[in-house]
Amino acid sequence: MALVASAALFTSACVSTDSNSLTEQPRGQTSPLPSDTTFTLADIYASDMFSVKSFPTTRWLADGSGYTTLEQNDNGGRDIVRYHPETGERTVLVSADLLRPSEDADPLRIADYQWSEDAQQLLIFTNTRRSWRTHTLGDYWVLNRENGRLFQLGGDAPESTLQFAKFDPAGTRVAYVMQNNIYVQDLTSRSITQLTHDGNRDLINGTFDWVNEEEFYLRDGFRWSPDGSHIAYWQVDTSGVPMFTMIDNVSELYPTLTEFPYPKVGETNSSLRVGVLPANGGDTTWMQLPGDPRDHYLVRMEWAGNSNELMIQQMNRAQNFMQFWLANAKTGTAEALITEQSNAWVEQVDDVRFFRNGQSFIWQSERSGYRHLYRFDRDGDGLTPLTSGDYDVIEIAEIVANDQGQGYAWFIASPENPLQRYLFRVALDGSSEAERITPADWSGSHSYRVSRDGRFALHYVSRKGVPTETRMVSLPDHSVINELEMNEALKATLAEKITSQSEFFQVTARDGLVLDGYVMRPADFDPSKQYPLIMYIYGEPWGQTVADTWQGQTYLWHDYMTQLGYVVVSIDNRGTRSPRGRDWRHSIYMQLGIVTVRDQADALDEMLARWSWIDGNRVAMWGHSGGGSQTLNALFRYPDKFHAGIALAPVPDLRLYDTIYQERYSGLLPEAADSYEETSAVTHAANLQGDLLLVHGTADDNVHYQGTERLKDELIKHNKQFRFMAYPNRTHGIREGEGTSLHLRTMMTEFLWEKVPVR
């Protein structure tokens, strides 16, 4: 067909923005880009020049004797090694040779591993493959360290069909999911007991459907009781959920189809319920919760600090009302303990930690306007605040407490600077104010893996332009015991190659709200000149682009663009995942695409007024996923301000995305129909004046290629010229396949070089 061109000419299906754009440069032979940069796009996307070293997978041992990690040995295998956190003493607990299924076989390739409570049994996850979007399917092997016996779980189960295997509390049995049913295997006799028998394509036991996995992070769907006598589990019924179909035009001679249940906005959801059954087999007792299960979500479930009760968090479909139910495991009756509600949405609560045999637990709530920690005492005054103030508790790092609930909650927060992250702790009895543990002179974004006894932590920190550093520290004094991985080689490379000048700054939206941003300028910056501007956006509630953290390849590409002569800016508009309180986040409810890009336009106006060195006639924006959606909205709603845009894997029509994410932020149909129409970029496509590069992977099971097709159809209807690239069989990240990342970034760079040129 006439509009189909080779990938070397920018696109596989392309509508040109001018008559010469496809003939000016023969791609793959010469490039319009300057060659005097300190590194190339290939150095970022097709080499290991900027590879970041991470400290290998670690596990704290329950007895406090140290942490374990994976290390390459002299024979090419990987041993599991224990280090004492204070002395650094090294002990090989499991050599790779012990993980050979037979004498002449290679050692198992470890994707993940778990220890039994006494560390005498080791569970190995290997040979993995994707279930939905993550690698949760695979094979599991158990090594008995006392006798050296290694065997595979599942008997004659088909290859790579087991999921979420885990030891019982005594370390004598392992439970797992296989083909939507739950099984228990005895580690001595190796006998297998099938606990559920009704699992099939539509009925899922112990794991989840696509949408619950993606949006609520629900993957592992069963829990051993603390005494090992019972298993609690979710059951998901996907019957009636509309099927989405993806076409693979590449792998076979004829196109092949993949179908899976995917509820789009307003469509039928899966039905979820929670049951408890004996670990040695028997009938399920179902928990009795009110409401239509098709219009409610069971977002969290755990044993409530004992083997008699379950904690279940249930949300309504609008996600603005959630109840904490305490359910009796024997009878299924349930009592509501806590209610959370909002005019926009509420968040599920992770890391609910029980003590005093379930009489007390730690809760998180935004009821004060900020996310804070509370202690709930069933035999006392209910909720008691442990933290307070105009800041958010971002996450719990660890809770270290005895059975009576005496101890500390260690948590991440940043009261003074929402761009950074620090460790704090607070006493669980509410007797003291929260105290900062990260030293005052340690800037950046910090995270911690705290030992069970709270004496040590693996500490990770990165900063803008500085890759992650890993240390062993003692707590609470934060003394550095050992520097485990400092990425010194990469830092030396960055010192040689990175040239941009970077700084954080703030601008004010039209209603007075202060917005955070960062700017990157060329090394030879001259304020008497004018520079083209590239604005990088995400802009939705699931991410934060303006943060004092490494940012990886995005940071490197932005530096490369400054070497070409661009100024790069990113602004976090209201509603992004910045720890600035409930009102900040909820301000975009039913306003995605409206106030989000209005803030970006306001930021641009203020930057142009403040900085004469930005050329207001050469402004581009780019973003991926939600950032792609907001890029479209910026171009369509403010065509006089934004002159070019690159939208990667966008959601042009919000009605095409999944129920859980989109209804949370945009409301329910039919009540919110007018809002969906107004907030969808496709509605405003006729306003396009600038240059658009639209990119999508055809195998994107998250943000479907379907939405981009609808946008193309609307643009064509209005004779709006644009460039388009479909990456065959690439998913949402657009990174699979040899050469994909380099090809994508080259295309993006050349598009910007042409459409917002450096003069």
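## Strands, a mixed sheet and backbone exceptions

Phe164 is placed in strand S9, residues 162–167; helices (H or I, at least four residues) and strands (E, at least two) are DSSP runs, numbered from the N terminus. This is a predicted model, in which local features need pLDDT of at least 70 and side-chain atom pairs count only at pLDDT 80 or more, while totals for chains, interfaces and linings use all residues. Residues are numbered from 1 along each chain as its sequence is written, and side-chain values use heavy atoms, with hydrogens and water left out.

Most residues other than glycine have a negative phi, and most peptide bonds are trans. Phe164 has a positive phi near 60 degrees and is not a glycine. With a relative accessibility of 12%, Phe164 counts as buried, where buried means under 20% relative accessible area, exposed over 50% and partly exposed in between (1.4 Å probe, protein chains only). Gln179, also not a glycine, has a positive phi of about 50 degrees; Gln179 sits in the loop between strand S10 (173–178) and strand S11 (181–186).

| Cis peptide bond | Omega | Location of the proline |
|---|---|---|
| Leu475 and Pro476 | about 10 degrees | loop between strand S34 (466–474) and strand S35 (480–485) |
| Leu669 and Pro670 | about 5 degrees | loop between helix H8 (659–666) and helix H9 (673–679) |

Thr69 belongs to strand S2 (residues 67–72) and is buried, at 1% relative accessible area. Its side chain reaches the backbone oxygen of Pro56 at 3.4 Å; a polar contact is a pair of N or O atoms within 3.5 Å, and within protein one must be able to donate a hydrogen and the other to accept it, with residues adjacent in sequence counting only if both atoms are side-chain atoms. Beyond its neighbours within four places in sequence, the contacts of Thr69 (heavy atoms within 4.5 Å) include Phe55, Asp79, Val81 and Tyr113.

An open sheet of eight strands runs in the order S36-S37-S39-S38-S40-S41-S42-S43, with mixed pairing; two strands pair if DSSP finds at least two bridges between them. Strands S36 (501–508) and S43 (723–727) are at the edges with a single partner strand each, so one side of each has no neighbour in the sheet. From one strand to the next the twist averages 20 degrees; angles run from 0 to 180 degrees between N-to-C directions, and axes are lines fitted to C-alpha atoms, for helices over the stretch in contact.

S42 (residues 691–697) pairs with S43 in the parallel sense over five bridges, and Leu693 has Arg723 in S43 as its bridge partner. Helix H7 (residues 626–637) packs on the sheet, touching S40 (614–624), S41 (644–648) and S42, and its direction makes about 145 degrees with that of S40. H11 also packs on the sheet, touching S38 (531–536), S40, S41, S42 and S43, at about 175 degrees to the direction of S43.

S40 and S41 run parallel and are joined by five bridges; Met621 has Gly645 in S41 as its bridge partner. Five of the five residues of S41 are buried, so S41 is largely enclosed by the rest of the structure. Ala644, Ile646 and Leu648 point one way from this strand, Gly645 and Ala647 the other way.

Helices H4 (residues 552–564) and H11 (residues 740–755) pack at about 30 degrees, with their axes 12 Å apart. Trp557, Tyr560, Met561 and Leu564 in H4 meet Arg745, Met748, Thr749, Leu752 and Trp753 in H11.
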